Amino acid sequence: LAFSGSGSEGVPISQDYQLAVAQFMIGLGKRWYAGVRVSYAGSKVSFREVEKEIPPILQDLFDSKLVEIGLRLERDSRDSTFYPTTGSRLDFIVNHDDPSYGSDFTFTRSWLTYAKFIKLSEPVVLALDFGGCYATEGGPFYGQCLFGAKNLLQGYTMGLYVDRWILAT
């Protein structure tokens, strides 16, 4: 993994990351679900040996934690969770980090994903995916939107591209 600022070369880093998520959802009828979620992420970041000058980075990123409380809304009309051939799935998640929860940062991150499945003929299925993420200022680089997350654009190394906004189709 390499950390880079806007317009700068990446600096190789190592990151140990621990994550735990608890979620409770209830059915609202007609395939709608809503719930709350709590997550904890602990991160230890260090620079690998480099032969060039390391750009300045906030010291609190080296050993930090995220504690998030959030909401989730989902609608799932797929005929199967493992091999859907018809239906769709809409998922909206918003998480907020705050020092009053024990987090080292204050910021909010939201994800919206949508997938549509259309059976063209047996066994051909057209799958359409859309997803987006937005993170407010104030969070660490590993708390921003990670390109390749949420099963969007599989094959990309998650975390290789990080930004406050991402969109994928």
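These are my notebook entries on a few spots I looked up in this structure, which is a predicted model.

**Entry: Arg37**

I started with Arg37, which I found in strand 3, residues 32-47. Is Arg37 buried or exposed? Its relative accessible area is 11%, so I wrote it down as buried, the cut-off being under 20%.

Next I asked which residues Arg37 touches beyond its close neighbours in sequence. With those within four places left aside, I listed contacts with Val21, Ala22 and Gln23, then with Glu68, Ile69, Gly70, Leu71 and Arg72, and finally with Ile93 and Asn95.

I noted one with the side chain of Gln23 at 2.9 Å, and another with the side chain of Asn95 at 3.4 Å.

**Entry: the nonpolar patch**

Then I turned to the surface. I found a nonpolar patch there with about 1,100 Å² of accessible area together. Its members are Phe24, Ile26, Leu28, Trp32, Val36, Leu71, Leu73, Phe92, Leu112, Tyr114, Phe130 and Leu167. Strands 2, 3, 4 and 6 each give two or more residues to the patch. Which strand gives the largest share? I found that to be strand 2, with three residues.

Leu73 lies in strand 4, and its relative accessibility is 36%, so I marked it as partly exposed.

**Entry: the disulfide**

How many disulfides are there? I counted one. It joins Cys133 and Cys145, whose sulfur atoms are 2.1 Å apart. Cys133 sits in strand 7 (residues 124-135) and Cys145 in strand 8 (residues 145-146), so the pair ties together parts that are twelve residues apart in sequence. A reminder to myself: a disulfide is a covalent bond between the sulfur atoms of two cysteines.

**Entry: Pro99**

My last stop was Pro99. Where does Pro99 lie? I found it in the loop between strand 5 (87-97) and strand 6 (107-121). With 45% relative accessibility, Pro99 counts as partly exposed. Leaving aside neighbours within four places in sequence, I noted contacts of Pro99 with Phe105 and Thr106. Leu66 is 33 residues from Pro99 in sequence, and their C-alpha atoms are 8.9 Å apart in space.

Terms used:
Residues are numbered from 1 along each chain as its sequence is written. This is a predicted model: local features need pLDDT of at least 70, side-chain atom pairs count only at pLDDT 80 or more; totals for chains, interfaces and linings use all residues. Side-chain values use heavy atoms; hydrogens and water are left out. Helices (H or I, at least four residues) and strands (E, at least two) are DSSP runs, numbered from the N terminus. Buried means under 20% relative accessible area, exposed over 50%, partly exposed in between (1.4 Å probe, protein chains only). Contact means heavy atoms within 4.5 Å. A polar contact is a pair of N or O atoms within 3.5 Å; within protein, one must be able to donate a hydrogen and the other to accept it, and residues adjacent in sequence count only if both atoms are side-chain atoms. Patches are made of residues with over 30% relative accessible area and no salt bridge: like charges are joined within 9 Å, nonpolar side chains (Val, Leu, Ile, Met, Phe, Trp, Tyr) within 5 Å. Accessible areas come from the Shrake-Rupley method with a 1.4 Å probe; for residues, only the protein chains shown count as cover. A salt bridge is a side-chain nitrogen of Lys or Arg within 4 Å of a carboxyl oxygen of Asp or Glu. A disulfide is a pair of cysteine sulfur atoms within 2.5 Å.
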